[in-house]
Amino acid sequence: MRYAEVSVNSPVAQRQTFSYAIPSGLSVEVGQAVWVPFGEKILQGIVLELSPHPAVEETREIIDVIELHPLLSPAQVMLARWISEHYLSPLFDAVALMLPPGFERKALTFISMTPNPDAHTLSSLPPAQKQVFELVRKLDNISLKELEKRLGKKKAQAIVSQLVGRGLAVRRYELEPVKISPKRVPYLRLNVTASQAREMAAKLREKRAIKQATLLNFLAQQSEPVLWTESRQSTSSDKAVAEALIGKGLVAWQQIEIKREPISYQNITLSSPLKLTAAQEAAFNSIKDAIHGTKAQPKVFLLHGVTGSGKTEIYLQALAETVKLGKRGIALVPEIALTPQTIERFASRFPHKVAVLHSQLSPGEQFDEWQRIKDGEFDVVIGPRSALFAPQPKLGLIVIDEEHEWTYKQPDKSPRYHARNVAIKLAELTGAVVILGSATPDIETFYHAQNGNYHLLQLPERVVPVEKSPLPQVEVVNLKEELKAGNRSIFSRSLTQAITKAVAGGEQVILFLNRRGGATFIQCRSCGFVLRCRRCEVSLTHHFAEDTLVCHQCNYKTPLPQNCPRCSSHQIKSLGIGTQKLEQEAGYSFPEARMLRWDSDMTKRKESHEAILSKFRAHQADILIGTQMVAKGLDLPRVTLVGVISADTSLSLPDFRAGERTFQLLSQVAGRAGRGPLGGQAIIQTFSPEHYAIQAAAKHDYASFYDKEINYRRQLRNPPFTQLALLTYSHTNDALCQREAERVRNQLIAERDAKGIADLNLIGPAPAFIHRLRGRFRWQLILRGTDIPTFLSPIAFPQGWTIDIDPVSLL
C-alpha cells in the first residue's frame, strides 16, 4: 500500500503534514487536492509527498480526489514548504496561496435521528436534549449551522455530541456548493437544416406566428449557434418565442462556456521594441546571457535606474527573449493602481498573451484567468504580490518592479511573506531569472548587490523624453521660514507660484500627501478632548464628503458631534490635514484648476484606478492630488510640477526604516515630473530640511543616502547585518497581555541561554505603537540575531501570538 503526506485545511494542523493511506484503485499524485477524514470532519488537503511507508503507525484512508490533476507543481510544493518553514506559518496557509480562486470548501454537518431510538434512553433525556431531539425528529435532517443559530454555538455542539453519544442521533457530512465555476451562457442552435428552417418559417408566417418565423429565419442565416441575448435583440423576441420553437423541435438551447476577460484591448495599440541606449544595452545583454544560461553568474539582477531611465523597456525585451525559448514570465507591481499602465505596456508588445490577477477582479474573472494561466495561454502574468503564485508553466523570468516597496510584504495575515524573497526562492527552484527594478533600491537589496549576491546593473540617466534628459530640479522649502514670514497656508509661496504658472501654461501638477481623509483629528478647544476610536487607540479622521469620523484602522464610523462628549462645549475644531482637506484648500487657492483625487477612498470600485488615470492622461484635470499611489511608476508626460505638501509624515515615525521610507517616497514622487519635453521640477515642503534623507532626495543622490544609512545599520546591528522577528501578543485584557508577553520573553531568554546563542538579542516586551487595535491590547517583543526561524520553530506559542519574520515595519 502507498501512503501520502497531506497538508490539511485545519488550524489544528499548523506546520505539519498527516499520513493517509491511498486506497487501491485511487490514483493520487503530488500536488493533488483530496478529501480526507480529520477527526469527525471531512476536510480538504493537498498531497505534498508520496511514500511507501507512513510516518505514523495507524492511518486512515484518503476518501477521494477533488481534482483529477495536480493543482500544485513540484516547485510550488517545495515553495510552500519553504514559506511555512521560513515565515513560521501554518503549512496549509502557504499552500493556499497557490490554489485556484474559490477552491476552499467546507464540509457542512447535518444531524439526523437514528432509526428505532431506544425508548428508555429517550425517556431519561434532560429537557434541553429532548427539545433538540424532537426538533431533529420533526425536520428529519437539520444542519448543525441551523441548530447553532437557534441555540447558540456552544450549546448546540454540546447537545449534539450528547445525543450522538447516547446513540439517538448521527452526524452526516455534505460539501458546501462550489463557489466559483466556469461561466456558461445560453445560445440558440437549429435542430434542423437551414433550408428546412426557412421552409418552416414560411409556414409559421402563414399561420401568423410572425415572431417565431422571424427568429427561425434569423437562426437559419447563421452558420453556428447564436448568443441568446443577440438573437433576442436582433429579432425582438422573448423567451416564450424561443420556447415555442423548442417545443416544435426546430431549435434547442446550448450552454456554451465563455471566458471572463478582464483586459480590454480596445484602446491598446501595438508597439515595437525601442532602440536601447548604451547603458540599457549593457544591462540587457547581461540579463540575456542569464536567460540563455551562457554564463555562470547570479540569476538575480538588481536593475538600479533613475526614474525615467527605461527599466520597463528592459523588462519587455527580457520577456521577449524568454518567450523565444518557449518559457514564460511573471511581472509584479506594488499597487493595483499601477496594473492598468503596466498591462497597457506589456499588452502592446504581447497582444492577447497577457494575464492579470488581483483582488479587484470578480471571483469569476480570477477563476478564468487562473485556469487559462495553468493551461499555458499567456506569456506573462501581471499583478501585485499574489500574482507570484500564479500557476505559470515553464517559468523563465520574474520581474519585480519598484522592488523596494513595502506592499510586497503581506502584513496582516498568515503567511507574512515578502514577495521579493519568495520570488528569489521560486527562481532557485525553477531556474528562472529574477529582475529587481528600482530607482531607490531597498537598502538590504543594494547591500546584497554590492556583496555580489545579486548582479548590479546601473542606468544612471533618463531616456524620456529623450536620451540624457535631466532629472527634475528639486527645491526644498523650510516651512519654519514660511511661518516666520507669516504664511499660514498649506502651500508655501514657492509652491503657490509654481502651481499658478503650471496651470496657466496648460501643464499638469501632482500634489502628494501620504494621509487620506479631511482632518486627521477632532479636538475640543475648551477642554482639549480628542475624539478617538472606541476600539483602537487612535484619533478619528474627519471625512468631509460623508461628514463622518472614521477610524483608519478598523473602519469604525460615527457622525461628527456638535458638542464635546466630555464638556458639552461647541468649540469642536478639525485639525491636521489629509487629501480631502488638501483638495478643498487647492480648490480655494486655484479656483481655475480642475482637480482629481487618487486615494483609497476614491478607488473602491473595480475600474476606479483606470478611470482616474485615463482622465488625468486625457488632461481632463490640471491637478492630481493623492497618497502614495501617485508616487509609484506613473509615466505622465504633461506633469511638469510635483509638490510634496509635507515630507515629515513618515520621517517622524519611531521605526529604524523611517529615513529610508522617506527618501524612497520623495525620490519616487519627484520622479513623476519632467517626463515630457517641457521638463519639470519638484518642491518639497518640510520642517526638517537638514535631514540627510531629504537632502539626498533633493539631489537624486542614492549613493550618499545609502552610505549614511548602511553605516547607521551597521552601528546598531540592524538588517542587513542581522535578522529581525516581531512577536506580537493581543488580548482584550491589557494586564494579562503584558504578563503573557513577559512570560514568553523569559521563556525565550532561557531557551537562548540553554542553547548558548550569543548573538540573539531580545527587545521588550513593550506596548505596540498602536497599543489597542480592534478592541485588543497588543504587546510586542523584537528578536534580533541570525537564523531566527530555526530558533523559534520548536517553540509552541499559545493562541493570540503572531510572528512576523523579516518585518518591514516595527510599528
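The legends below describe close-up views of a predicted model.

**View 1. Packing of helix α1 against helix α15 in the predicted model.** Helix α1, which spans residues 74-87, packs against helix α15, which spans residues 419-430, at an angle of about 140°, and their axes lie 10 Å apart. That angle makes α1 oblique to α15, since only angles over 145 degrees would count as roughly antiparallel. The crossing in which α1 passes α15 is right-handed. On the α1 side the contact is formed by A75, M78, L79, W82, I83 and Y87, which meet N421, V422, K425, L426, L429 and T430 on the α15 side. Sorted by class, the residues in this contact of α1 with α15 are nine nonpolar, two polar and one charged.

View 2. The side chain of S237 makes a polar contact, at 2.6 Å, with the side chain of T235. When neighbours within four places in sequence are left aside, the residues in contact with S237 are K211, L215, W228 and R232.

**View 3. K394, a residue with positive phi in the loop between β16 and β17.** Although K394 is not a glycine, its phi is positive, at about 50°. The loop that holds K394 runs between β16 (380-383) and β17. K394 is exposed, with a relative accessible area of 59%, and therefore falls in the class that begins over 50%.

**View 4. N555, a residue with positive phi in the loop between β24 and β25.** N555 is not a glycine either, yet its phi is positive, at about 70°. N555 is found in the loop between β24 (548-550) and β25 (557-559). At 47% relative accessibility, N555 counts as partly exposed, because exposed residues need a value over 50% and buried ones a value under 20%.

Conventions:
Residues numbered from 1 in each chain as written. Predicted model: local features only at pLDDT ≥ 70, side-chain atom pairs only at ≥ 80, totals over all residues. Heavy atoms only, no water. Axes fitted to C-alpha atoms, helices over the stretch in contact; angles between N-to-C directions. Helix = DSSP H or I, 4+ residues; strand = E, 2+ residues; numbered from the N terminus. Parallel < 35°, antiparallel > 145°, perpendicular 65-115°, else oblique. Left-handed = near helix turned anticlockwise from the far one by under 90°. Contact = heavy atoms within 4.5 Å. Nonpolar A, V, L, I, M, F, W, Y, C, P; charged D, E, K, R; others polar. Polar contact = N/O pair within 3.5 Å; in protein donor to acceptor, adjacent residues only side chain to side chain. Buried < 20%, exposed > 50% of the residue type's maximum accessible area, 1.4 Å probe, protein only.
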